[in-house]
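Here are some notes to read alongside the structure, written as numbered points. Please keep the model open while you go through them, and look up each residue as it is named.

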Amino acid sequence: MMGVTWNCRHTWMNASKNTLWCLLGCSIGDFGTILFFQYSAINFPVLGIMLLAIINGLITSIILETIILMRQMDPKKAFKTAIGMSLISMVSMEIAMNVTDFLMTGGQAKITLYTILPMWVAGFLTPLPYNYFRLKKYGKACH
């Protein structure tokens, strides 16, 4: 990633803020899906639950981003901007969170008090360098 300096505190702060908003949006759908299957009597394969959690996390992240962006622009443009966010960042965040959960629970899809923080840390740190790079090189951010 030539041409990008990695020591800009201001860009790291902006990338961190953007990543946290995305993490919040993704967590709502992701955790909600896993908790639904965890507390319902529905028998569904673990990988199916994880895939649904990723999809729902992406959807809730886009919804949250649209709501945030509607403070700055009309709803149609806000939705298009939210959809145009980096899917690489969101998907990597979702995969990191679900792999962490899977590994910590011994191959289950289960939310526990001891899995939430590591899932958030993995979900935050995984896309953060990419989000920094996009901000620094292209000036592109979600907010």
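1. Ala82 is found in helix H3, and helices here are DSSP runs of H or I with at least four residues, numbered from the N terminus. Leaving aside neighbours within four places in sequence, Ala82 is in contact with Ile62, Glu65, Thr66 and Leu69, contact meaning heavy atoms within 4.5 Å. Between the C-alpha atoms of Ala82 and Leu113, which are 31 residues apart along the chain, the separation is 31 Å.

2. Before going further, please note that this is a predicted model, in which local features need pLDDT of at least 70 and side-chain atom pairs count only at pLDDT 80 or more, whereas totals for chains, interfaces and linings use all residues. Residues are numbered from 1 along each chain as its sequence is written, and side-chain values use heavy atoms, with hydrogens and water left out.

3. One of the contacts of Ala82 is Thr66, a residue of helix H2 (residues 46-69). Is Thr66 buried or exposed? With 10% relative accessibility, Thr66 counts as buried. Its side chain reaches the backbone oxygen of Ile62 at 2.8 Å. When neighbours within four places in sequence are set aside, Thr66 is in contact with Pro75, Ala78, Phe79 and Ala82.

4. These contacts belong to a helix pair, and two packed helices are described by the angle between their axes and the distance between the axes. For H2 and helix H3 (residues 75-83), the axes come within 8 Å and cross at roughly 135 degrees; axes are lines fitted to C-alpha atoms, for helices over the stretch in contact, and angles run from 0 to 180 degrees between N-to-C directions. H2 and H3 are therefore oblique to each other, given that angles under 35 degrees count as roughly parallel, over 145 as roughly antiparallel, 65 to 115 as roughly perpendicular and the rest as oblique.

5. In this pair, Ile62, Glu65, Thr66 and Leu69 of H2 meet Pro75, Ala78, Phe79, Thr81, Ala82 and Ile83 of H3. Sorted by class, the residues of this contact are seven nonpolar, two polar and one charged, where Ala, Val, Leu, Ile, Met, Phe, Trp, Tyr, Cys and Pro count as nonpolar, Asp, Glu, Lys and Arg as charged, and the others, Gly among them, as polar.

6. Arg71 sits in the loop between H2 and H3, and its relative accessibility of 69% is why Arg71 counts as exposed. From the C-alpha atom of Arg71 to that of Ala96, 25 residues apart along the chain, the separation is 30 Å.

7. Turning to helix H1, how do H1 and H4 pack, and at what angle do their axes cross? The axes of H1 and helix H4 (residues 87-104) come within 10 Å and cross at roughly 50 degrees, which makes H1 oblique to H4. On the H1 side, the residues that meet H4 include Thr19, Cys22, Leu23 and Cys26, and on the H4 side they include Met90, Met93, Glu94 and Met97. The residues of this contact divide into eight nonpolar, three polar and three charged.

8. Within H1, Cys22 counts as buried, at 6% relative accessibility. Apart from neighbours within four places in sequence, Cys22 is in contact with Ser61, Glu65, Met90 and Met93. Cys22 and Ser89 are 67 residues apart in sequence, while their C-alpha atoms are 8.9 Å apart in space.

9. Helix H1 (residues 9-39) also packs with helix H6 (residues 128-138), at an angle of about 120 degrees and with the axes 9 Å apart, and that makes H1 oblique to H6. Among the H1 residues that meet H6 are Thr11, Trp12 and Asn14, and among those of H6 are Leu128, Tyr132 and Leu135. By class, this contact has six nonpolar, six polar and one charged residues.

10. Thr11, in helix H1, is buried, with a relative accessible area of 8%. Not counting residues up to four places away in sequence, Thr11 touches Tyr132, Leu135 and Lys136.

Definitions and conventions:
Helices (H or I, at least four residues) and strands (E, at least two) are DSSP runs, numbered from the N terminus. Buried means under 20% relative accessible area, exposed over 50%, partly exposed in between (1.4 Å probe, protein chains only). A polar contact is a pair of N or O atoms within 3.5 Å; within protein, one must be able to donate a hydrogen and the other to accept it, and residues adjacent in sequence count only if both atoms are side-chain atoms.
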